[in-house]
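Subject: The structure I promised you

Hi,

Here is the structure we talked about.

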Amino acid sequence: MNNVPYLAGVTSLDDEQPWQEIPVKGDLPDWLEGTLLRNGPAVFEVGERTYNHWFDGLAMLRAFSIRDGTVRFGARYLRTKSFAQAMESGTIARSEFATDPCRTLFGRIMSIFRPAITDNANINITRLADEFVAMTETPIPVRFDPETLKTLGPVTFDDDVRGDLTTAHPHHDAATGTLYNYLTKLGRTSSYRLFRIDSPSRKRELIASLEVDRPAYMHSFGLSERYLIVTEFPFVVNPLRLAFSGKPFITNYQWQPERGTRFHVFDRDTGKQVGTWEGPPCFAFHHVNAFEMESTLYVDIATYPDARIVEQLYLENLREGDKDLHPGKLHRFALSPHATDARREVLSEVGLELPRINYARRNGLPYTYVWGAGNRKPGHFTDQLVKIDVRTGEAILWYEEGTYPGEPVFVSRPDAAAEDDGLVLSVVLDAARDASFLLVLDARSLTEIARARVPVALPFSFHGQFLRNEEVVDLHR
Ligand SMILES: [Fe+2]
């Protein structure tokens, strides 16, 4: 038996939560008006079967609507085909990150030719044209109504751009609203296919395509003022093996450190590949930021020494507790025009995952602050929030015994002058009370402004966005 204190964070939530006002302790500032939307897995068992990995669970949208110092909360499952088929059949129906459906021999053969791609969009939220969508790493964003959390169905793109995998961390140009992302096309010839969507269209326009023999697992990418940076970690797959192995998706990927980490850099406007730099082998989920200074391109990433973190995030491991489970560390890679190797330096020794910046003002530009989740007690998952000054490496921490905070979303004060003038919002699990709360901190000092208690313990979510007056303020990836 296990008894990790954060168990409720990786346990199914069996009921949707109707919109309800929840009690607030502290004083929320008048200017904080809008909705924090969060996405993440919330159903880890279907019938007799259990999903294998934290990334597999069926999606639930959670929302905190803040107005006049009060908070209303609600949560609903994302009604995807994956969800509907699971509920109707009483078993896992589609392949997820690390779980396959239980298939008969006939079903297995059929699924090779007609794979039921999951639309379980449990990772992130963004805006596309005039709608809000939930996203995962299959290219099937799912539309939803941010006021009711009602699922509206898959996005139909106005193009014929094809691909098999994507990232749930698109970038946005703050000035134009253009969205950038890429698809990985798998096949006898595989390629990374970078595209843009000019607001308010639903048309993906190819910017560049790079053929690749062994595609890497990549969860995000970098964007600077002029460039798109595809960081190819040496966690790669043979596409034919992926198609025919009959094993869950991520188990087909292999760690090949001899490849190093390759930074493929493309001009955002022309699509021209300006170069490939190679750095030491590492793995990461999240780019933090990228920027150009004196002809050198800097790429900041929360990295791990290898891809073992993928194993560590299997539900079985998370529920048992793993003293070796550490968040990533913030590294800066310098890509200089005079070199082909990427120079690496550590910016802070403080662990960092689920990083957020003042995206609206500083993405793609030199910046000073990153907020994120971190770890204090070995084996205690994410049990603190951090704010790192990337120029000095100094960190400020928020910590409260027995609580487990998720990604801190930065919300700028209106007309703020300073990069860190605002609040960070995080959904925190309070293990002793077996309930979650919305935590509102001063983004400068990480001191508490207010908290609002949720009536249930929410499973940990991955990513979220804050909407102010129907707009996503921080269109972070
Ligand atoms: Fe992510």
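Below is what I found, starting with the whole chain and then moving to single parts.

**The whole protein**

First of all, keep in mind that this is a predicted model. The mean pLDDT is 94, and 95% of the residues reach 70 or more. The stretch to be careful with is residues 472–477, where pLDDT stays under 50. The model still has 26 contacts for that stretch beyond four places in sequence.

You can count six helices and 36 strands. The radius of gyration is 21 Å, close to the 23 Å that the globule rule gives for 477 residues, so the protein is as compact as a globular protein of that length. Along its principal axes, the C-alpha trace spans about 60 × 55 × 45 Å. Buried residues make up 50% of the 477. If you take contacts between residues at least 6 apart in sequence, 58% of them join residues at least 24 apart.

**Helix 1**

Now turn to helix 1, residues 81–89. Ser 82, Phe 83 and Ala 86 are buried there.

What covers the buried residues of helix 1? The cover includes strand 4 (45–46), strand 6 (58–67) and strand 7 (70–77). On the face turned away from the buried side, you'll find the exposed residues Glu 88 and Ser 89. Just after the helix comes Gly 90, with a positive phi of about 70°.

Next, find the open sheet with strand order 17-18-21-22, paired in the antiparallel sense. Strand 17 (222–223) and strand 22 (273–279) are at its edges; each has a single partner strand, so one side of each has no neighbour in the sheet. Further in, strand 18 (residues 227–232) and strand 21 (residues 261–267) pair antiparallel over six bridges. One to look up is Val 230, whose bridge partner in strand 21 is His 264. In general, the strands of a sheet pair through backbone hydrogen bonds.

**Strand 31**

In strand 31 (residues 409–412), Val 409 and Val 411 point one way, while Phe 410 and Ser 412 point the other. Strand 31 is joined to strand 32 (residues 422–430) by four bridges, and the two run antiparallel.

Arg 356 belongs to strand 26 (residues 343–356). Arg 356 has 25 other C-beta atoms within 10 Å, and 20 or more counts as buried. Thr 270 is 86 residues away from Arg 356 in sequence and 28 Å away in space, C-alpha to C-alpha.

Ala 129 is in the loop between strand 8 (124–128) and strand 9 (131–135). With 15 other C-beta atoms within 10 Å, Ala 129 is partly exposed. Leaving out residues up to four places away in sequence, Ala 129 touches Pro 200, Ser 201 and Arg 202.

Cheers

Note on methods. Residues numbered from 1 in each chain as written. Predicted model: local features only at pLDDT ≥ 70, side-chain atom pairs only at ≥ 80, totals over all residues. Buried ≥ 20, exposed ≤ 12 C-beta atoms within 10 Å, placed from the backbone. pLDDT = per-residue confidence, 0-100. Contact = placed C-beta atoms within 7 Å. Pairing = 2+ DSSP bridges. Rg over C-alpha atoms; globule rule 2.2 N^0.38 Å.
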